[in-house]
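Trainee: I have the sequence and the structure open. Can we go through them together, one question at a time?

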Amino acid sequence: MSEVQDTIELAKRRGFFWQSSSIYGGTSGFYTYGPLGTLMKRNIVQAWVNSYITIGALIVDSPVITQEEVFRASGHLERFNDLIYECPSCGSKQKLETLLKNSGSGIPKDAVQGNALIQEKSLKCPVCGSDKIRALEFNTMFALSNSKTGEGRLFLRPETAQGIFVDFPLLLKQNRDKLPLVVIQVGKGFRNEVAPRNAIIRLREFSMGEVEVFFDPNTTPFVPEKDQEEIVFVPKRSPEYRGTASGALDSGVISNPGMAYFIQKTHMLLAGMGVDKDRLRFRQHRDDELSHYSSECWDAEALLDDEWTEIVGIADRGTYDLTRHQSFSGKSMQVKVDGKEFVPRVIEPAHGIDRILMSILVHSRNISEDGYTKLSLRKEISPYKLAVFPLFKKDGLSEVAREIFSRYSKADPFCVYDEAGSIGKRYARQDEAGTPYCVTVDYQTKEDHTVTVRERDTGKQIRLAIDDLVAHPITTNPAVTSAFALP
RNA sequence: GCAGGUGUAGUGUAGUCUGGUCUAGCACGGAAGCCUUCCAAGCUUUCGACCCGGGUCCAAAUCCCGGCACCUGCACCA
């Protein structure tokens, strides 16, 4: 079986995620995060938010439900509600518009009108000549059907970005009229994908973390640091390039410093969260795969099974969005700096949270020859940081262990207690859940008030005084971190 | 969306071709207990499944039809 399929199985068994409402057969593209997955996802989001707050980003939280005008301006409506035709004989699909171009007729509004036109003009498939073609509405945005009359149609947002662009003037004020302005948002996005697949890799409702960086195109507020880690670049025209982000900038692989800076930042973030550096690359979009709003785009791709999967997209959106909103709303999106007025340029790193989580899970699985599985998650990402066990339930060890658990929980709530089965089985359970440390109460504990602390990846143990253990979260306990020196 | 394949406890599977002792077997897992002085040990008890709907038949997990889901490939992925 494949790595991804194995991981999906582990995820369901251990409670990371599973298909939603499966008692009713489920609906493709919708997944529920279980107890471990929910915590892990929170940790990923936290790491991401922290890394941007650090550089002065402002965080916002805009509505999922969005009015039609926003997507008319952004171009999503135009691009998403295309009518297409499909040929049942040869399977070809194209925009209906292109077929109607030469027929001298108007553009139909929906599939009913489209089919009527096909009948009226007796249009044929340009590929195979069949007369059985039919019109279809191709919606990848979810439209709400119960919008009140008069307020226009409402849509579920396909990206969180527009919630930032529409409030650009207010956000600029929050930044005291200064550029650069960095705004981040994490939340759900919705795309009615044709073929959802691979569990949380391609969802119809998914979590994304988007960053919109607004800056003066004549300045370079973001430049990559020198002497950072080597990154694999796959440019659209030249061959693969291995080097630092600043090296890639200097040698012209990347066209501008801002793009190079955010590629570098993204690389550090992903690697720091547990995406395997040897299975991570940055690939530049070919011109024919660029989205309608971007002029240059680099995807962070993780290798899952044998397939490179997009997990972050870093796009140069130029002035597209602000210019469009300016002309559609009539409100100025200009910034005045040193007497000159201009629309800022935007670079957007957009993170697929679910895909990042999946990549970390796949890349963190360590399986020994006998099939013993450990999830070597970074401690910041692990759902739980510590498990507390008694060596045996008898002789009062349970009571001592419960008390330690209760005291420790005040320092760090992400801790579990387990006394079921054998000690080995409990270690195994935690290894598969990615818990970095386990504490065991044994007979010596009663004598000298110490416990064993066992580290997940090495299996090594140290003894630690109970008072010392409960005084800090285990991931930052100096005695523990110095003993094991985890990444 | 198209084509092909698949659907049995929480997970992995046996059984389906050739309908009938299938009252659906096994392993892992969960729960309760016993035992055990640190890495999935053992023992006892126990929990738990034929994707949904229709049809054929004396009889359907098994054959047929429809739906749903999953997998693979193609297309799509702003």
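**His285 and its surroundings**

Mentor: This is a predicted model. Start with His285: leaving out residues up to four places away in sequence, His285 touches Lys236, Leu290, Cys297 and Asp299.

Trainee: Is His285 buried, exposed or partly exposed?

Mentor: His285 sits in the loop between β13 (280-284) and β14 (296-304). Count its C-beta neighbours inside 10 Å: there are 18. Buried needs 20 or more, and exposed needs 12 or fewer. His285 therefore counts as partly exposed.

Trainee: What distance separates the C-alpha atoms of His285 and Ala315?

Mentor: Along the chain, the two residues are 30 residues apart.

Trainee: How are α2 and α12 oriented to each other?

Mentor: Helix α2 (residues 35-53) packs with helix α12 (residues 353-364), and their axes are 10 Å apart. The angle is about 110°. Angles of 65 to 115 degrees count as roughly perpendicular. So α2 and α12 are roughly perpendicular.

Trainee: Which residue class has six members in the contact of α2 with α12?

Mentor: Met40, Lys41, Ile44 and Val45 in α2 meet Ile353, Ile356 and Leu357 in α12. By class, that contact has one charged residue and no polar ones. The other six are nonpolar.

Trainee: Which element gives the most to the surface near RNA strand B?

Mentor: Among the 49 residues around RNA strand B, Ser28, Pro158, Arg191, Ser291 and Gly424 come nearest. With seven residues, the top contributor is α14.

Conventions:
Residues numbered from 1 in each chain as written. Chains lettered and ligands numbered in written order. Predicted model: local features only at pLDDT ≥ 70, side-chain atom pairs only at ≥ 80, totals over all residues. Near = placed C-beta within 6 Å. Helix = DSSP H or I, 4+ residues; strand = E, 2+ residues; numbered from the N terminus. Contact = placed C-beta atoms within 7 Å. Axes fitted to C-alpha atoms, helices over the stretch in contact; angles between N-to-C directions. Parallel < 35°, antiparallel > 145°, perpendicular 65-115°, else oblique. Nonpolar A, V, L, I, M, F, W, Y, C, P; charged D, E, K, R; others polar.
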